[in-house]
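Biologist: I have a chain open on my screen and would like to go through it with you step by step. Could you help me read it?

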Amino acid sequence: MNDDLHALSGAYAVHALPYAEEVLFEDHLRACSGCAAEVRQLRETVAWLAEAAADPPPATLRAR
């Protein structure tokens with residue numbers, strides 16, 4: 001278990017925490033606006049990256 005809950009925001013944002021740490025971090029989020037903002041930003045970034053990866057590259061790229 002991580003003693004510094006602030007360090008878990010990235011793993012939480014991508015749903016990579018074990019259940020026990022997830023529960024602790026969610027309790028922490030209710031009291032920590034900094035971590036809540038960081039999780040929102042990370043989730044926006046993850047969604048943006050997923051969208052970019054979902055588009056197939058143009059056929060001309062392979063030829064280059």
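Biologist: What pattern does the protein chain follow, read along the sequence?

Modeller: Please keep in mind that this is a predicted model. Read along the sequence, the chain follows the pattern α-α-α-α, and its secondary structure comes to four helices and zero strands.

Biologist: What radius of gyration does the protein chain have, and what would a compact globule of 64 residues have?

Modeller: The protein chain has a radius of gyration of 16 Å, while a compact globule of 64 residues would have one near 11 Å. Taken along the principal axes, the box filled by the C-alpha atoms is roughly 50 × 20 × 15 Å.

Biologist: And how much of the protein chain counts as buried?

Modeller: Of the 64 residues, 20% count as buried. The accessible surface of the chain comes to about 4,900 Å², and 58% of that surface belongs to carbon and sulfur atoms.

Biologist: Which residues make up the largest nonpolar core?

Modeller: There are ten residues in that core, namely Leu8, Tyr12, Ala13, Leu17, Phe25, Leu29, Cys32, Cys35, Ala36 and Val39. At least two of the core residues come from each of helix 1 (9–13), helix 2 and helix 3, and helix 3 gives the most, with three residues. As a general background, nonpolar side chains tend to be buried together in soluble globular proteins.

Biologist: Let me pick one of them. What does Phe25 touch, not counting residues up to four places away in sequence?

Modeller: With those neighbours left out, Phe25 touches Leu5, Leu8, Ser9, Tyr12, Leu17, Cys35 and Val39. Several names in that list belong to the core as well, including Leu8, Tyr12, Leu17, Cys35 and Val39.

Biologist: Now a histidine. Where does His28 lie, and what is it in contact with, beyond its neighbours within four places in sequence?

Modeller: His28 lies in helix 2, and with those neighbours set aside it is in contact with Leu5, His6 and Cys35. His28 is buried, because its relative accessible area is 15%.

Biologist: Is His15 buried or exposed?

Modeller: His15 counts as exposed, because its relative accessibility is 65%; it is found in the loop between helix 1 and helix 2. Phi of His15 is near 55°, which is a positive value in a residue other than glycine. Most residues other than glycine have a negative phi.

Biologist: Last topic, the charges. How far apart are the mean positions of the positive and negative charges of the protein chain?

Modeller: The protein chain has 5 positive and 10 negative charges, and their mean positions are 12 Å apart.

How values were computed: Residues are numbered from 1 along each chain as its sequence is written. This is a predicted model: local features need pLDDT of at least 70, side-chain atom pairs count only at pLDDT 80 or more; totals for chains, interfaces and linings use all residues. Side-chain values use heavy atoms; hydrogens and water are left out. A nonpolar core is a set of buried Ala, Val, Leu, Ile, Met, Phe, Trp, Tyr and Cys residues joined through side-chain atoms within 4.5 Å. Buried means under 20% relative accessible area, exposed over 50%, partly exposed in between (1.4 Å probe, protein chains only). Contact means heavy atoms within 4.5 Å. The radius of gyration is taken over C-alpha atoms; the globule rule is 2.2 Å times the number of residues to the power 0.38. Accessible areas come from the Shrake-Rupley method with a 1.4 Å probe; for residues, only the protein chains shown count as cover. Lys and Arg count as positive and Asp and Glu as negative; His and the chain ends are not counted. The place of a charge is taken as NZ of Lys, CZ of Arg, CG of Asp or CD of Glu.
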